[in-house]
Amino acid sequence: MLTSTFLATKLKNAIKSQVNRTRPHAVASNVPYRFEAGNSDQKEMTSFPSGHTAAIVAASLPIVREYPQFRMVSFCLTGLVGGLRVARGKHYLSDVTVGAAIGIVSYAASKTACDLLGRYVPTKR
């Protein structure tokens, strides 16, 4: 879980450092909308992608793998986090979608790496 979340954070940061996108709440306050290559560090210009969504997806997938009985709770909470980011005007739906994809890719990469290194030991059910 830690490896997956760490990787998701690194990937999210790499993308955010290359993309400027105005946050929805800033656009609602008459800040001009921009979605372009760039490296702004202004909070209002770092909407893409959603780091909260990337992190929660990356953290929840290993939990679901080990504790499948919590799948529905985990997915509902994960969806709630992403949905609230949109509802609060922090992100666009596409920011959340890309954040979720980053979380999925990070989980898959970290799981593959751990499996290849022989460090993953599944719990016995």
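1. In helix 4, the buried residues are Ser 74, Thr 78, Gly 82 and Arg 85. They cover an arc of only 60° around the axis, and so sit on the same side of helix 4; the arc is that of the directions from the helix axis to the C-beta atoms. Buried here means under 20% relative accessible area, exposed means over 50%, and partly exposed lies in between (1.4 Å probe, protein chains only). An α-helix has 3.6 residues a turn, so residues three or four places apart point the same way.

2. A word on the basis of all this: the model is predicted, with local features needing pLDDT of at least 70 and side-chain atom pairs counting only at pLDDT 80 or more, while totals for chains, interfaces and linings use all residues. Residues are numbered from 1 along each chain as its sequence is written, and side-chain values use heavy atoms, leaving out hydrogens and water.

3. What do the buried residues of helix 4 pack against? Their partners are helix 3 and helix 5, where contact means heavy atoms within 4.5 Å. On the other side of helix 4, Met 72 and Ala 87 are exposed. The 17 residues of helix 4 should span 24 Å at 1.5 Å a residue, and the end C-alpha atoms are 24 Å apart, which agrees; the expected span is 1.5 Å times one less than the number of residues. Gly 89, which follows helix 4, has a positive phi, near 80°.

4. Leu 77 lies in helix 4 and is partly exposed, at a relative accessible area of 48%.

5. Helix 5 (residues 93-117) has 25 residues and reaches 36 Å from its first C-alpha to its last, close to the 36 Å expected. Its buried residues are Asp 95, Val 96, Gly 99, Ile 102, Gly 103, Ser 106, Tyr 107 and Ser 110. Their cover includes helix 1 (2-16), strand 1 (19-21), helix 3 (51-66) and helix 4. Just after helix 5, Gly 118 takes a positive phi of about 70°.

6. Glu 44 is in the loop between strand 2 (35-37) and helix 3, and is partly exposed at 36% relative accessibility. Leaving aside residues up to four places away in sequence, Glu 44 touches Arg 21, Thr 22, Arg 23 and Ala 26.

7. For the overall picture, the chain has five helices and two strands, in the pattern α-β-α-β-α-α-α along the sequence. Helices (H or I, at least four residues) and strands (E, at least two) are DSSP runs, numbered from the N terminus. Buried residues make up 34% of the 125 residues. The accessible surface comes to about 7600 Å², of which 67% belongs to carbon and sulfur atoms; areas come from the Shrake-Rupley method with a 1.4 Å probe, and for residues only the protein chains shown count as cover.
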